[in-house]
Amino acid sequence: QVQLVESGGGLVQPGGSLRLSCAASGSVFTVNSMAWYRQPPGKQRELVATITSRDMTNYADSVKGRFTISRDNAQNTMYLQMNSLKPEDTAVYYCNADLLVGPFRYRGEFWGHGTQVTVSS
């Protein structure tokens with residue numbers, strides 16, 4: 001059973017920081033590209049940042065200069081360092097990964113269950 005598990009969400013004041021983690025577990029053979037998405041209350045899910053297997057990154061304009069995506073390939077783990085948080089960053093944050101899994105190297109897109117980030121004073 002392949003799982004993506006997010007952690008690190010919580011309540012933080014404006015201007016504060018949080019670090020999210022996403023760990024892939026189970027019969028994972030290869031982790032290709034990974035990404036963070038978020039879904040603000042009452043809005044559609046949106047892309048926050050992506051990182052390739054070669055550590056090439058891309059960010060949504062709304063988070064550039066404040067958020068940093070990174071990964072530890074040895075641990076099959078991805079991170080999102082979020083600084084200078086704003087109330088509009090409040091959302092459920094989801095981990096997404098392109099994985100090769102199982103003995104037959106099935107390639108698929110996997111999602112975590114999400115972690116809540118609330119930015120409020």
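In this tour, two residues are in contact when heavy atoms of theirs lie within 4.5 Å. Keep in mind throughout that the structure on screen is a predicted model.

Begin by selecting Arg71, which you will find in strand β7, the stretch covering residues 67-72. Show the surroundings of Arg71 next, leaving aside its neighbours within four places in sequence, and you will see contacts with Val31, Asn32, Ser33 and Met34, then with Ile51, Thr52, Ser53 and Asp55, and finally with Thr77, Met78 and Tyr79.

Stay with Arg71 and look for a partner for its charge: this residue is buried and yet has no salt bridge. The nearest side chain of opposite charge belongs to Asp55, at a distance of 4.5 Å, and a salt bridge would need a side-chain nitrogen of Lys or Arg within 4 Å of a carboxyl oxygen of Asp or Glu. Now display the backbone oxygens of two residues from the contact list: that of Val31 lies 3.1 Å from a polar atom of the Arg71 side chain, while that of Asn32 lies 2.8 Å from a polar atom of this side chain.

Although Asn76 is not a glycine, its phi is positive, at about 50°, and the residue is partly exposed, with a relative accessible area of 23%.

For the last stop, select Arg105, in the loop that joins β9 (91-101) and β10 (106-111). Here too the backbone deserves a look, since phi of Arg105 is near 55°, a positive value in a residue other than glycine; Arg105 is partly exposed, and its relative accessible area is 39%.

Definitions and conventions
Residues are numbered from 1 along each chain as its sequence is written. This is a predicted model: local features need pLDDT of at least 70, side-chain atom pairs count only at pLDDT 80 or more; totals for chains, interfaces and linings use all residues. Side-chain values use heavy atoms; hydrogens and water are left out. Helices (H or I, at least four residues) and strands (E, at least two) are DSSP runs, numbered from the N terminus. Buried means under 20% relative accessible area, exposed over 50%, partly exposed in between (1.4 Å probe, protein chains only). Lys and Arg count as positive and Asp and Glu as negative; His and the chain ends are not counted. A polar contact is a pair of N or O atoms within 3.5 Å; within protein, one must be able to donate a hydrogen and the other to accept it, and residues adjacent in sequence count only if both atoms are side-chain atoms.
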